[in-house]
Amino acid sequence: MSLYPLANVHPKAKIGNNVIIEPFATVHEDVEIGDGTWIGPNAVIMDGARIGKDCKIFPGAVISGIPQDLKFKGEKTTTEIGDRSTIRECVTINRGTVDKYKTVVGTDCLIMAYAHLGHDCIVGNHCILGNTVQLAGHVVIDDFAIFGGACAVQQFSKIGAHAYIGGGSLVRKDVPPYTKAAREPLSYAGINTVGLRRRGFTSEKINEIQEIYRFIFLKGLNNSKAIDLVEKEIAPSTERDYILDFIRNSERGIMKGYGGND
C-alpha cells in the first residue's frame with residue numbers, strides 16, 4: 001500500500017496490496033479495498049464500502065454514504081463495487097437499506113462525473129453511466145447498459161441488458177433489453193444495433209431481436225397480444241425468452257412504442 005501522509009485511513013480498514021491512497025482522501029473503519037485500487041485526493045470512502053481490485057476512485061467521490069431515505073434506521077448495509085470499475089469525479093453512491101441491504105456496481109463499469117446512485121441500486125457489469133446521470137433508489141440495470149449524460153431514472157425502474165438510453169432522458173418506465181430509448185415521454189427508438197455488433201452479436205441474431213420488437217412496439221398491439229404472437233412466430237432462444245420474461249415481469253410497465261402504445 002502507498003499511503004500519502006495527508007491521507008486519513010482508519011487503522012481497521014482492510015486495504016489490499018499495491019493500493020494507492022492520495023492526500024486528503026478519507027477511508028472509514030468498515031471498509032475493504034482490493035489490490036491495485038487507486039483512491040484519488042479528497043475522495044471519501046465511508047463505512048460499508050467494499051471496493052474490488054484495480055478500481056479507480058477519482059477526486060471528490062463519496063462512496064457508501066448513508067441512504068437519503070427517511071426510513072433508514074442505521075442498519076448495517078454495504079456498497080459493493082466490482083473489479084476494474086472507474087468512479088469519476090464527485091460521484092455519490094449511497095449504501096443499501098433493508099430492501100436489499102446493499103448497493104452494487106458490477107465489474108468493468110464506468111460511472112462518469114457527478115452521477116448519483118441511490119440506495120439499493122443494482123448496476124450490472126460493463127455498464128456506462130454518463131455525466132450527471134441520476135439514479136433514484138432501487139433501480140436495477142442489467143449488463144452492458146449505457147446511459148447518455150443527464151439522464152434521470154425514477155425509483156424501482158429496470159433497464160435491460162445492452163440497452164442504450166439517450167442523453168437527457170427521463171426514465172419513468174422500464175426499458176427492455178437490446179433497445180434504444182429516447183424522446184419525451186421515453187419511447188422505443190430501435191434496437192441498439194451498434195452496441196450489439198461491437199459485442200459480437202451476429203447479423204442473424206440482431207435480425208431476430210428486431211423482429212421481436214416489431215411485434216412489441218410497431219404493430220399497435222397490447223403487450224399480452226404481442227407476447228403471444230412472438231411465442232407463436234419466433235423460435236425460442238436465450239434472447240427471445242429474456243425479452244419476453246423482462247416484459248412479463250415489468251411492474252412499472254415498459255416504455256412506449258413509436259406510436260405511443262403502452
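User: Is Y178 buried or exposed?
Analyst: Y178 is buried, because its relative accessible area is 4% and buried means under 20%, with exposed over 50% and partly exposed in between (1.4 Å probe, protein chains only). This is a predicted model, where local features need pLDDT of at least 70, side-chain atom pairs count only at pLDDT 80 or more, and totals for chains, interfaces and linings use all residues. Residues are numbered from 1 along each chain as its sequence is written, and side-chain values use heavy atoms, with hydrogens and water left out.

User: And Y242, what does that count as?
Analyst: Y242 is partly exposed, at 24% relative accessibility.

User: How many aromatic pairs are there in the whole structure?
Analyst: The search finds six. Rings of Phe, Tyr and Trp (its six-membered ring) pair if their centres lie within 6.5 Å; planes under 30 degrees apart count as stacked, over 60 as edge-to-face and the rest as tilted.

User: Why is W38 with F58 called edge-to-face?
Analyst: Because the planes of W38 and F58 are at 75 degrees, with the ring centres 5.1 Å apart.

User: Where do those two sit in the chain?
Analyst: W38 is in strand β7 (residues 38–39) and F58 is in the loop between β10 (56–57) and β11 (62–65), so the pair links distant parts of the chain, 20 residues apart. Helices (H or I, at least four residues) and strands (E, at least two) are DSSP runs, numbered from the N terminus.

User: Which charged residue lies over the face of F58?
Analyst: R88, at 3.9 Å from the ring centre. The test is NZ of Lys or CZ of Arg within 6 Å of the ring centre and within 35 degrees of the ring normal. F58 itself is buried, with a relative accessible area of 16%.

User: Back to the tyrosines. What is the geometry of Y178 and Y242?
Analyst: Their ring centres are 5.9 Å apart and the planes are at 85 degrees, so this pair is edge-to-face. Y178 is in the loop between β26 (170–171) and β27 (179–182), whereas Y242 is in helix α4 (residues 238–248), 64 residues apart.
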